[in-house]
Every structure is written in C-alpha cells, then in structure tokens.
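Colleague: I'm new to this one, so please walk me through how its parts pack together.

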Amino acid sequence: MSEQYDGYPSLLRARFAQAVLVGIGFFTSLDIYVVGLLIEPIKLDLKLTDVQVGFANATAFFSVYGLLSTPMGMLADRFSRVRLLFLAMILWIAGLSIVGASHAVAFLVLGKGILGAANAVTYPAAMSLLSDYFSPDRRAMATSTYPVGQTLGTAGATLIGGLGYSALVRMVTANPQALHGLAPWRTVTLAFAAVGVVLLPAILLMREPVRQEVSRRKANGSIHELWSYRRVLIPTFAGIMFLSGAATGVSSWIAPALMRLYGQQPGQFA
C-alpha cells in the first residue's frame, strides 16, 4: 500500500526506484567482474602481455573511475539524477560493447575507461536518489541494498559468466561455426551488454524526487562542503585508494591464476 510522508515520494514509488537502482548495482558489478573472469581468453585471443592486460582491465577502469567520481557526484548535485543514470547506462552498454568488439589493446583500454566513467556516475546518483526517495527512518535499509546488488552482481559474474563461457566453448568445440566465428568471450561480453538495454525503460519510469535536506549555508558549491570536512575526507580517500588498489590487484589475477596454474576453466570454478 502506498504511503505519503513528509514530502517524500510514496513508498510504492520509492520501492520501485529502489528495485531499479539495485538492478543497476547488480548489472554494473556483473559486467565489471565478467570481463575480469574472461581476461585470460581475452589475453590469448588478442595476444597481449600481462602488463597490457593489467593496464587495460584494472588501471584504465579504476583510474577513470577514481578521477571522475567527485566531479560526477557534483554533477549529480546539480542535474537530474534519473537522466544522468539513463545516460550512464547508455555509456555503459557502449563501453562493454567496445570491450566485446576489441581487436587491439587500445580499444580494450577505451572500453574499460568508458565503463569507469559510467560507474563514476551511477554510484553517487543512486545514493543521492535513495536519500531523497526514503525518509531518514527508512534510509539506512534502502541505501544498504545498493551494495547488496553489487555483491550479488560480483557473484553472478563468476557463476553466470563462467558457466555461460564454458557452455559456449563446448558448443564451438562441437561445431566451430556455432557462433559464426565469434569467440566465446566476445559472445558473453556482448550478451551482457545487451541485457543492459532492459534497464533503460525502467530508469525512464523513475521520477526525479524533490531534493531533501539541502544545505542552507550561504557559501555555495560542493567544493566548499568537501573542503570543510577535509580532515576526515583526505585520509579516508587515501585509505580507500590504497585498499582498493591492493584488493583490485589481487582479484584481477585470481581467474588467470586458476586457469594457468591449475588448468581450471571458468565453468569449473564458477
């Protein structure tokens, strides 16, 4: 049953937006980690070195994501977040399609960089929308569901992507023309990009909520707000940067290590 309170959207509309945003979190994480899962067949197909693979898969994505996160957050403070999410999803689908169609490391870097730029939009826009869709007494639960979607997407990339890739490999082994000459890793990547199209109409059905709890300080602009909390934010940003770099460095090579050292295929460790 729909509920109205304190100028916030109805609970029914808020729950719909929450479901769409969780879907975005799931989809984006799914795509990020499925590329990492398939990095070994990508490396072999494109004849890349480990340095090129590491730069394309991790450095390109996270550098762009890190550099653009704050500017994109400021953009979300000033413009329609629903429209920004719609544009981000179009950008995301384009970036993943470029990855799937890549025939050289430059295109792989370009595709991953575009994915990083899109991801820099989705997270702040989603958090901001959830804060304005749900009143403070419901907000903690609502905002916690977006990371849940991301976590499920990470798991789904290994399960769905691994099983799907192995099934396609078996198909091509039995019939080399089954995919019309398209490598299995390309098919998986392009199929995941196509799934993102389903989210576009759902995003358009969301309505931009009224911004709540806007700062009344005379000094205008998000840069001033950030600077006022610099003693907390600077060490926090530094810590997150180093921790994320270390975690990404390890996670990026888990799938290649399992394939190289233990002869496992994605379908086996999915």
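**Helix packing and a pocket**

Modeller: Helix 4 and helix 5 cross in a left-handed way, meaning that the near helix is turned anticlockwise from the far one by less than a right angle; helices here are DSSP runs (H or I, at least four residues), numbered from the N terminus. This is a predicted model, in which local features need pLDDT of at least 70 and side-chain atom pairs pLDDT 80 or more, while totals for chains, interfaces and linings use all residues. Residues are numbered from 1 along each chain, and side-chain values use heavy atoms, without hydrogens and water.

Colleague: What angle do helix 4 and helix 5 pack at?

Modeller: Helix 4 (residues 81–101) packs on helix 5 at about 155 degrees with the axes 8 Å apart, angles running from 0 to 180 degrees between N-to-C directions. The two are therefore roughly antiparallel, the word for angles over 145 degrees. Their contact has 20 nonpolar, five polar and three charged residues, where Gly counts as polar and Tyr as nonpolar.

Colleague: And how do the axes of helix 1 and helix 5 cross?

Modeller: The axes of helix 1 (residues 11–37) and helix 5 (residues 105–133) come within 10 Å and cross at roughly 160 degrees, so these helices too are roughly antiparallel to each other. Their crossing is left-handed.

Colleague: Which residues meet there?

Modeller: Among them are Ala 14, Leu 21 and Ile 32 in helix 1, and Asn 119, Ala 126 and Tyr 133 in helix 5, with contact meaning heavy atoms within 4.5 Å. By class, the residues of this contact are 10 nonpolar, four polar and two charged.

Colleague: Switching topic, how many residues line the second largest pocket?

Modeller: It is lined by 19 residues, with Tyr 33, Gly 36, Leu 37, Ser 251 and Ser 252 nearest its centre. A pocket is an open set of points on a 1 Å grid where a 1.4 Å probe fits, with protein on both sides within 12 Å along at least five of seven lines, and lining residues have an atom within 4 Å of a point. The volume is about 380 Å³, and the lining has 10 nonpolar, eight polar and one charged residues.

Colleague: Which helices supply at least two residues of that lining?

Modeller: Helix 1, helix 3 (50–78), helix 6 (136–174), helix 10 (230–251) and helix 11 (254–262) each do.

How values were computed: Angles under 35 degrees count as roughly parallel, over 145 as roughly antiparallel, 65 to 115 as roughly perpendicular and the rest as oblique. Grid points are joined across faces, edges and corners, and a volume is the space filled by probe spheres set on the points.
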